[in-house]
Amino acid sequence: MAFQRASGILLHPTSLPSKFGIGDLGEAAYQFIEFLSRSGQKLWQVLPLGPTGYGNSPYMSYSAIAGNPYLISPELLAKQHLLKEEDWEDMPEFAQDRVDFDAVMPYKRKLLELAFERFQQGYVDQDLQHHHDLYLIQEQFKKFCYEESDWLEDYVLFMSLHEQDPEITWNNWEPAIAKREPQAMQQKREELQDQIQFHRFVQFIFFDQWLKLKQYANMRNIQIIGDIPIYVSHNSADVWANPENFALDPDTYEVSQMAGVPPDYFSATGQLWGNPVYNWDYLQETHFAWWIDRFRFLNRYVDIIRIDHFRGFEAFWQVPAGEETAIKGEWETAPGTELFTKLNEVMGELPILAEDLGVITPEVDKLRDDFGFPGMRVLMFAFGGGSDNFHLPHNYVRNSAVYTGTHDNDTAVGWWQRASKYEKDLFYRYIVGFAAGEPINWVLIKMAMAAVSVIAIVPLQDVLGLDNSARMNTPGTATGNWGWRYSDPDLLSQELSERLLEVTQLYSR
């Protein structure tokens, strides 16, 4: 699909300011959209929006489809009379520039449970308008549960079972439940009906808030770039409900082949993600129905789909269970051509970006180009080699997306502070006469904006000129990531908007 020349900002909603300790879909999200609009930006890229598991990573979710409950705005729930401001009078004093997940999650869970209780019981006051509003919400809820039942019912039961003992993965549940025997499943649905209904309610609220935010962005000519991770967590509703799709031990349902990448720029021992790789033979037999459902769902909730780890659709690195690093893995081919051909047959040509970083071969390039997907270029990777470096702007093609950095990189300022003498020398040779005297983040922003690439994306940290302390993720580390937030909406000042708008217009974005 042909894209129009445009630029935008990478910012996950958890990084928005909020008094509740984690960014959400409330007022600050709408203010951010206004900042994008007045700055001439047409794209907002987010990370996966699912409920996070171990390490709070958006790429380790309990569901490939469900939404993250902790992105729900309590203040928007108050506007629906499901919460009141006094409900959070006892709120702890959360950190403003980081998400303390261990503190935030139980507190927001308490608020969600209170909202659910009011939803179940009806409003206490006698205001007829409020009762009418509640009736409408309840009717919308029933419709949501009916229309989303294909994925929702597996997810809500999974979460209700998981919360009984969060330390136990689903394959260690009682065998009848792990194997999804119908009678045992029905018994659990009856036992856990209150928890199940709570999780249905939370998903309804999440997608209601998200769709309203997306519509607000679209009205201001801003498109949302959503992320579809190639892999899902082993301990997820998807693997429990569809074990035949994954490389699992047939007796224990443990992962038999783990996903990851070989040693690369980020790690000398590679990255061992631990997710199960796919049973592509079975997925082919079912005409990729599970994958097509994922794309179909995400396509309703975002405008452009970024495929994470695109190279895994041509060939993927699999590591036998029991290995502690990704070194002893091997490449296995994947039927990417067949998958994307089927996807086009079923859904037509979708607006897709391919994250084609890492060990890229001519076969991966061909798969990307055969379907016309823009690939990625990252300026922070551009200065470590010679003039033929794939990431140097003069080597770009139009059908690509350039980034100053991604969520896996350091910030522009942090990168520069740690760059080698070789990188700095090449950088200065490259930019002579281009941006002398500019701060490093604005040099990279200008380079991205000026590039021939049809899309340019800049993390908000680079727009703000923040250093390494604002890094979102460090690949290869399991904890301490994903917590960065900007603390004050006033940082998105009129002056900053005007500077970004000037650069955007200068390079016809």
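Where is the place of G21 in this structure? G21 sits in the loop between strand β1 (6–10) and helix α1 (27–38); helices (DSSP runs of H or I, at least four residues) and strands (runs of E, at least two) are numbered from the N terminus. Before going on, keep in mind that this is a predicted model, in which local features need pLDDT of at least 70 and side-chain atom pairs count only at pLDDT 80 or more, while totals for chains, interfaces and linings use all residues. Residues are numbered from 1 along each chain as its sequence is written, and side-chain values use heavy atoms, with hydrogens and water left out.

Let's stay with G21 for a moment. This glycine is buried, with a relative accessible area of 2%; buried means under 20%, exposed over 50%, and partly exposed in between, using a 1.4 Å probe and protein chains only. Setting aside neighbours within four places in sequence, G21 is in contact with F94, R98, V99, D100, V104 and R485, where contact means heavy atoms within 4.5 Å. G21 and D97 are 76 residues apart in sequence, yet their C-alpha atoms are 8.8 Å apart in space.

Next, follow the chain to helix α5 (residues 149–162). At 1.5 Å a residue, its 14 residues should span 20 Å, and its end C-alpha atoms are 19 Å apart, which agrees; the expected span is 1.5 Å times one less than the number of residues. Eleven of the 14 residues are buried, so α5 is largely enclosed by the rest of the structure. Among these buried residues are W151, D154, F158 and H162.

The search uses a 1 Å grid over the protein atoms alone: a cavity is a set of points where a 1.4 Å probe fits but cannot get out, a pocket is an open set with protein on both sides within 12 Å along at least five of seven lines, and lining residues have an atom within 4 Å of a point. The second largest pocket holds about 490 Å³, a volume being the space filled by probe spheres set on the points, which are joined across faces, edges and corners. Its lining has 24 residues, with I65, D150, W151, W290 and D293 nearest the centre. Two or more lining residues come from each of α5, α9 (237–241) and α11 (289–301), and α11 gives the most, with seven.

The largest has a volume of about 330 Å³, and of its 29 lining residues, L49, G50, A64, I65 and D227 are closest to the centre. Here too α11 gives the most to the lining, with four residues. The second largest cavity has about 140 Å³ of space and 17 lining residues, with L10, H407, P459, Q461 and M472 nearest its centre.

Finally, look at a pair of helices. The axes of α16 (residues 440–450) and α18 (residues 494–506) come within 9 Å and cross at roughly 40°; axes are lines fitted to C-alpha atoms over the stretch in contact, with angles from 0 to 180 degrees between N-to-C directions. W442, I445, K446 and M449 of α16 meet L496, R499, L500, V503 and T504 of α18.
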